[in-house]
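Q: Could we go through this one together? I have a few quick questions.
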Number of protein chains: 2
Amino acid sequence: MKVSFEEMFNLLEKVLLEKGFHPDRARLCGRIFSENSRDGVYSHGLTRFPSFIQMVDAGLINKNAEPERIGSQGSWENWDGQLGPGMYVAYRAMERAIVLARDHGLGAVSVKNTNHWMRGGTYGRLAAEAGCVGICSSNTIANLPPWGGIDPRLGNNPLVIAIPHREEPLVLDMAMSQFSYGKMQEYELKGEPLPYPGGYNGEGRLSMDPAEIRASKRALPIGLWKGAALSLMLDLLVSSLSGGKSSPSITAQGKEYGLSQFFLCIHPEKMDSRIADEIIEYARGSRLDENTRAIFYPGEKMYAERKKNLAEGIPVHREIWNQVMAM
Amino acid sequence: MKVSFEEMFNLLEKVLLEKGFHPDRARLCGRIFSENSRDGVYSHGLTRFPSFIQMVDAGLINKNAEPERIGSQGSWENWDGQLGPGMYVAYRAMERAIVLARDHGLGAVSVKNTNHWMRGGTYGRLAAEAGCVGICSSNTIANLPPWGGIDPRLGNNPLVIAIPHREEPLVLDMAMSQFSYGKMQEYELKGEPLPYPGGYNGEGRLSMDPAEIRASKRALPIGLWKGAALSLMLDLLVSSLSGGKSSPSITAQGKEYGLSQFFLCIHPEKMDSRIADEIIEYARGSRLDENTRAIFYPGEKMYAERKKNLAEGIPVHREIWNQVMAM
C-alpha cells in the first residue's frame, strides 16, 4: 500500500506526542522518519519506527532528554547526548556545527551518549542546505569482522559527506559493509542472490547468498582490508574525540544505545558550482558497461525516489502501517 | 641491494641542492622521500624520485615556489600552492592547520595549484605527532572508472586519517582503488595473480590478472559503487573548497600537476588512549580465518617495516639507486 508524506508524518507525530514526546521533538523525529521513507531509505523510515518506540518504552532512549555541552574549544564543542533520541541530538548537533562554522570557517560538535541517528544523510544534507560542507560519522554495535578475523568486532560505522550544489546537495551516506544486513534480508526475502559478493559463508568462501552470509555473520567490508581499517578509524575518531563509548563498549552492552558521533561543518564564503558540474558531467561522459543505462552522482537516485514517492505515495508494508496505527 | 636511511637521505638532499632547491626544502623533500622508502612505501620513495626530478626539470614543479595564503576565515585558510613541490606545500599546510587547531580547536588549510604529495600519511602523521587528529585528501589525474562506466573518469583520490595513540599514531592512508596501478605492476612483474579481484578485463569480467586490468584501465574502486562515489566526493571537496582544479581539469592537461588538496586538524585537549587500546584489542580478539596469523591496526605493518628497514637497511633497486647517484 501507499501513503502520502503528510499521512505518514501526521501519524508518526501523533504517536510520538501520545508517547509523551515534547511537541518540538515529536515534530522533528516524526518528520525525519517520514523523510527517510519518502526518500527511499525504507530501512530507516517507518519500518524502523516500531523498534525505536520499543527502545523508548524500554528506557534506552530518553525521549525528552536535552543534550548538554560539556566542553568547548572555540570552533569545536563536545556534548553529552544524555541518551536522547538520536535524530533529535544529531539534528541539534549539526545545527550548532553550522553556527560555529559561520563564525569560525569550521565548526564541529562531538557527541557521546547519543542514540542511532537513523539516516546519517539527514544531517549532512542539513549542513549542505545551509551552504556548508557537512561531514559526520557515528559508531554502531559490532557487526563486521576485522580483516582476517571471523567474528564481528567492528561497527558498520557510516561516513557521510554532503556538499552544496545548485538545487540539491550531493550526499554520500555509506556504511562500511558492502551490503547492510537489512539489504541482505531484502534479497533473501525476494529469493534472489546478491549482485556481488557480500560476505563469507560458513566455510570461509566469498558468497552472494544473503542467507548464508547472515548466518555466518561475516559481512564483507567495502574494499576488504581498506573498509575494515576505515571502520576502525571512524570508531576511534568518534569515541575518542567525544570521550564516549566505542563499538566494543556498545557491543558489550548487548543493545545498541549510547553511541558516539562527530559532526563537522565547513562554511565556504562562496562555492563555484561549475566545479561540481564539471566533475559530474565528466563522470557521466564515460562509455557505459553493458549492464548500465546511466551514471548517477551520489544522492541522485535518492532525489528521484523522493520525487516518485511524493507524486505516487510512499510504499509501506501494510502490517507495519497497521502496527503503528494501533500504537 | 640495501642502503641505510642516512645514505638515502644524504643522496637525495644532495641531488636536490644541486638541482637548485633552497636548503630547507631540499632537506624536507629529501627526508620525506627517504622516510617513504624507510616505511615500506617504496612506490612513493626513492622509486618515484627520478620522475619527480623530471617534473622539476620540465618546469611542472616550481622548486622554490612558496605557497601563498589567498583567503582566511578564522580557523580555515585557503592557499595557492604556486605549483611548488607537493611534499613541501603539504607539509607547510598541515603545520599551519595544527597551529590553527591549537587556537580554535579545529584548523584547516585548503590548497589549490599544488603537486603530488607522494604519501599522504606523512601529513596525517605530522598532525598526530603534534597530538591532533589529522585528516587530508588530494585529487589526482583520472584513473578509475565511475560506477557503471568503462573509461577512467575519477581520480584515485586518497583519504588519510591519523589519530594519536601512545608512541605511534594510527594512520589510515588509502586510495580509492582496491589495488594501485603500482601494486598491480608489482604482481605482474612477479608473475602472480592478485589475491582478490582488482578490476575488469577487456570483456568486462572481474579479473585477478594484473596485466589484463592494466590493459583495460578498469581498476576496481573499493566497495564497488561506494568507493567510486567517495572518490567523486573527495575530488569535489578538495577542488571546490580550494577553488582549484578538479580531476577532470587535471586530466585534460594530460599531466598530473596543479592538484587540489585539503588538510584538517582537530586538537583535543586530552585523548584517552585507553579507548584506542580497547578498540584495537577487541579487533585483535577475533578468531582468525585460516589464511591469517594476526590482525593489525592501521599503520602497524608500516611501523614493523620501518623497524626492519632501520635495522637491516632499506631495499632499493640497484638501477634506480645508480640512476639517482648519477644525477
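Predicted model: local features only at pLDDT ≥ 70, side-chain atom pairs only at ≥ 80, totals over all residues.

Q: Fine. In strand 3 of chain B, which residue is the bridge partner of Q73(B)?
A: The partner of Q73(B) is W76(B).

Q: And how many bridges are there between strand 2 and strand 3 of chain B, and in which sense do the strands pair?
A: Five bridges, in the antiparallel sense. Strand 2 of chain B covers residues 68–73 and strand 3 of chain B covers residues 76–80.

Q: What sits between the two strands of that hairpin?
A: Two residues lie between strand 2 and strand 3 of chain B. G74(B) takes a positive phi near 65° in this hairpin.

Q: Which residues does L100(B) touch, leaving out those up to four places away in sequence?
A: G74(B), S75(B) and E77(B) are on the list, along with G105(B), L106(B), G107(B), A108(B) and V109(B).

Q: Where is L100(B), and is the residue buried or exposed?
A: L100(B) lies in helix 4 of chain B, residues 86–104. Its relative accessible area is 3%, so L100(B) is buried; the cut-off for buried is under 20%.

Q: Switching to strand 12 of chain B. How many of its residues are buried?
A: Eight of its eight residues, 259–266, are buried.

Q: Which way do the side chains go there?
A: L259(B), Q261(B), F263(B) and C265(B) point one way, while S260(B), F262(B), L264(B) and I266(B) point the other. In a regular strand, side chains alternate between the two faces of the sheet. In strand 12 of chain B, the residues pointing either way are all buried.

Q: Which strands does strand 12 of chain B pair with?
A: Strand 4 of chain B, residues 106–114, runs antiparallel to strand 12 of chain B and is joined to it by seven bridges. Strand 5 of chain B, residues 133–138, also pairs with strand 12 of chain B in the antiparallel sense, over six bridges.

Q: Which residues in strand 12 of chain B are the bridge partners of V111(B) and S137(B)?
A: Q261(B) is the partner of V111(B), and F262(B) is the partner of S137(B).

Q: What about R25(B): buried or exposed?
A: R25(B) is buried, at 1% relative accessible area. R25(B) lies in helix 2 of chain B, residues 23–38.

Q: Which chain A residues is Q178(B) in contact with?
A: G223(A), L224(A), W225(A) and K226(A). Its contacts in chain B, beyond four places in sequence, are P197(B), L220(B), P221(B) and I222(B).

Q: Last topic, chain A. How many helices and strands?
A: Twelve helices and 13 strands.

Q: How does its radius of gyration sit against a compact globule?
A: Chain A has 20 Å, and a compact globule of 327 residues would have a value near 20 Å, so the two agree. Buried residues make up 60% of chain A.

Conventions
Residues numbered from 1 in each chain as written. Chains lettered and ligands numbered in written order. Heavy atoms only, no water. Pairing = 2+ DSSP bridges. Helix = DSSP H or I, 4+ residues; strand = E, 2+ residues; numbered from the N terminus. Buried < 20%, exposed > 50% of the residue type's maximum accessible area, 1.4 Å probe, protein only. Contact = heavy atoms within 4.5 Å. Rg over C-alpha atoms; globule rule 2.2 N^0.38 Å.
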